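Hi,

Here is the structure for your files. My notes come after it.

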Amino acid sequence: MTDELNWGDGDYEPTARTLEPVAEVVLDAAEVVPGERVLDVACGTGNAALAAAQRGARAVGVDQAETLVGIARDRATASGAEVRFIVGDALDLLVADASFDAVVSVFGVIFAPDADRAAAELRRATRPGGRMVLTSWVPSGPISAVGRALFGALSSPPAALPRWGDPEWARELLTRHGAATVDVVEHTLPSRAASPEAWFADQEVNHPVWRWVRRQMTAERWVELRKESVAVLSEANEDPRAFRTTSRYLVMTARLA
Ligand SMILES: C[S@@+](CC[C@H](N)C(=O)[O-])C[C@H]1O[C@@H](n2cnc3c(N)ncnc32)[C@H](O)[C@@H]1O
């Protein structure tokens with residue numbers, strides 16, 4: 001039986017909360033104004049869609065993880081925001097052609113296996129002259145190194161993810177899918193915990209990706225990987241009294257002709 005990665009497994013909400021500032025950066029880049037139609041693709045618990053609604057936009061969110069869409073709907077109800085959340089695939093968006101002024105994705109479509117099809121769908125949903133704004137991690141720094149080590153330890157590692165963290169690759173892809181201009185700006189996001197050990201312990205208990213990798217390992221192999229990972233995190237620790245590391249990410253803003 002294959003063990004599929006399910007982003008609704010564990011408790012993704014704490015991670016999503018750390019990404020809230022990125023949703024604001026993305027909406028700034030998309031220059032969202034009140035009344036505009038905004039689509040948040042791979043919305044998770046709804047950060048960017050809810051923030052867009054806060055700015056007066058008419059927002060829709062779509063994600064394939066039913067559990068996360070449920071959390072997003074609860075958050076909308078709790079805040080009184082009128083946001084429609086749909087369970088669905090970024091590779092086959094259940095929205096009409098050219099129906100959004102801005103289509104955004106915060107560390108979302110980068111996980112879809114077929115980047116060409118994902119980009120084609122983003123473009124299809126965006127009106128002529130509209131904006132597509134995406135973020136991707138830059139493959140550098142200790143968290144990225146730990147992620148690569150964990151994936152590399154799998155007996156059948158997943159196919160390499162599309163190269164969204166490479167600005168030239170992303171620019172070429174988005175241009176091929178209708179972008180008249182593509183601006184790429186690098187930003188940083190800190191991660192904090194009481195210690196490197198505490199950061200890793202939180203991931204292995206709560207984060208769906210870490211949990212998914214762990215399930216495919218023997219207990220002994222996992223203990224080794226934990227030790228190696230904590231060593232990498234400790235080596236790069238920016239805060240001698242706790243744990244802090246800074247991850248780099250790209251904000252890619254594509255404008256359609
Ligand atoms: C790192 S999370 C980001 C979630 C959210 N954008 C945020 O800022 O917290 C990645 C999200 O992509 C979603 N995802 C991955 N592949 C997808 C696909 N093909 N279609 C729809 N959602 C997808 C996952 O379910 C997960 O919610």
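Below are the notes on the sheet and the helices around it.

This is a predicted model: local features need pLDDT of at least 70, side-chain atom pairs count only at pLDDT 80 or more, and totals for chains, interfaces and linings use all residues. Residues are numbered from 1 along each chain as its sequence is written.

Sheet. Seven strands form an open sheet with mixed pairing, in the order E3-E2-E1-E4-E5-E7-E6. Strand E3 (84-87) and strand E6 (179-193) are at the edges with a single partner strand each, so one side of each has no neighbour in the sheet. The twist averages 15° from one strand to the next. E6 pairs with strand E7 (residues 243-256) in the antiparallel sense, over 14 bridges. Ser191 stands opposite Thr245 in E7.

Terms: helices (H or I, at least four residues) and strands (E, at least two) are DSSP runs, numbered from the N terminus. Strands pair if DSSP finds at least two bridges between them.

Helix H5 (residues 115-125). H5 lies across strands E1 (37-41), E4 (100-105), E5 (126-137) and E7. It runs at about 140° to E5. Axes are fitted to C-alpha atoms, for helices over the stretch in contact (C-beta atoms, placed from the backbone, within 7 Å). Angles run from 0 to 180 degrees between N-to-C directions.

Helix H3 (residues 47-54). Seven of its eight residues are buried (20 or more other C-beta atoms within 10 Å of their own, placed from the backbone). Among them are Asn47 and Leu50. Their cover includes helix H4 (66-79) and strand E2 (58-63). Gly56 follows H3, with a positive phi near 90°.

Best wishes

Definitions and conventions:
Contact = placed C-beta atoms within 7 Å. Buried ≥ 20, exposed ≤ 12 C-beta atoms within 10 Å, placed from the backbone.
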